[in-house]
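My entries follow the order in which I looked.

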Amino acid sequence: MSEDPPITTVDVCIVGGCGRVGLPLGIAFASRGLSVVLYDINADAVDTVNAARLPFAEPGAAEALAEAVAAGRLRASTDPASVGASEHLVVVVGTPVDEHLNPDLGAVPRALERCAEHLRDGQLVVLRSTVYPGVTALTEKLLAGKGIRADVAFCPERIAEGRAMTELFTLPQIVAARTPGALARAEKLFRHLTSQIVPLEPEEAELAKLFTNTWRYIKFATANQFWMMANDFGLDFARIRHAVAHDYPRAADLPMPGFAAGPCLFKDTMQLAAFNRNNFVLGHSAMLINEGLPLYLVSRLEDRFDLSELTVGILGMAFKGGSDDPRESLAYKLRKILALKTRETLCTDPHVVDERFVDLDEVLRRADLLVIAAPHEQYARLETDKPIIDMWGLTGQGVRV
């Protein structure tokens, strides 16, 4: 492992900066001429970034990373003293729910505690993670309790994975702070990326981010419920949806069915439920529908096939099409269920590296039945005579199961 270089003054330090949210943000700032250090406790990721290699897939980021590192505008470090070298500190850490679906209020404070001795007066501390409402105020209290006179802002990430290097520059940026001075500093920082700034109070912005992700989760649940309804009556939801949405703008946002998964939507819906004292019928109903979809799918397969006599191939283990990110993917829940029902279950994915997976060609050769779990474009034109279960409508052959 390489040693950290000496600390020098930089414009921006990103805490948790080598992950899927922090690294594209750092690259984006560096591409606009700012000097950036990425503080991360993952030494392997730090070494990878300092070698100008991207640790994950993100279109357009690899070239910009190499350019930023070569120009000396971006580097990564495991040294917590890095946070003291910057005018702007951006905190990007995971904010999970626990095994009881309760939000972890301490994720952001813990990240700051790890480097608290290096924080200094006059810095702008920007929370970028999706947080439970009140965490911005908790951060203000934490810093004040340590005698640190810093400005605090909440500026939530709004990008979709795989579109970061476009959306960081095109989407409006929500900016929230308690004081006019902190708000002005945060706005100035993000105007390096976008001209569209939407100011809010911190608690408004915290809810705005949760509402955004929860709305998507509920929309996906609606589509999945509609699909199950049509499917149970032997009707093709894809044909119905096409008719509903065709040149009809009020239904244009009705999604196709599919696994609604990943590290954000379910988790943030549960955070919103907890905020509202678990009185969130829509959110909990969406959870039951979306999380129950693998069980429904297998139940329908059991109606059509004797699974105990079949080898089933699961195509795609990432949480969405075109991604190499398997976090919270419902394909893994599908695999667990099928493992109890089938003679054998094979998994493959062109983007996700896992020693348990096999090549697509082997799956096509050995499997009796194929299930598309992630709609990677490679599966749109499969050459096989095996039955294909395609709830996404990727193959254009209908979505009845």
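The entries below treat the sheets and then the cavities.

**Basis.** I worked from a predicted model, in which local features need pLDDT of at least 70 and side-chain atom pairs count only at pLDDT 80 or more, while totals for chains, interfaces and linings use all residues. Residues are numbered from 1 along each chain as its sequence is written, and side-chain values use heavy atoms, with hydrogens and water left out.

**Terms for the sheets.** I took helices (H or I, at least four residues) and strands (E, at least two) as DSSP runs numbered from the N terminus. Two strands pair if DSSP finds at least two bridges between them.

**Eight-stranded sheet.** I found an open sheet of eight strands in the order β3-β2-β1-β4-β5-β6-β7-β8, with mixed pairing. At its edges I noted β3 (74-77) and β8 (197-200), each of which pairs on one side only. Neighbouring strands of this sheet are turned by 25° against each other on average, direction ignored; axes are lines fitted to C-alpha atoms, for helices over the stretch in contact, and angles run from 0 to 180 degrees between N-to-C directions. Strand β1 (residues 10-15) runs parallel to β4 (residues 86-91), and five bridges join them. Within that pair, C13 stands opposite L89 in β4. I then looked up helix α1 (residues 22-31), which lies across β1, β2 (36-39), β3 and β4 and runs at about 170° to β2; contact means heavy atoms within 4.5 Å.

**Four-stranded sheet.** A further open sheet has four strands in the order β10-β9-β11-β12, with parallel pairing. Strands β10 (344-348) and β12 (388-389) each have a single partner strand, so one side of each is left without a neighbour in the sheet. Five bridges join β9 (residues 311-315) to β10, and T311 stands opposite E344 in β10. Helix α12 (residues 330-341) lies across β9, β10 and β11 (369-372), at about 175° to β9.

**Cavities.** I counted a cavity as a set of points, on a 1 Å grid over the protein atoms alone, where a 1.4 Å probe fits but cannot get out; lining residues have an atom within 4 Å of a point. Grid points are joined across faces, edges and corners, and a volume is the space filled by probe spheres set on the points. The count comes to two cavities of 30 Å³ or more. The largest holds about 70 Å³, and its lining includes R128, E157 and F190.

Terms used: On a 1 Å grid over the protein atoms alone, a cavity is a set of points where a 1.4 Å probe fits but cannot get out, and a pocket is an open set with protein on both sides within 12 Å along at least five of seven lines; lining residues have an atom within 4 Å of a point.
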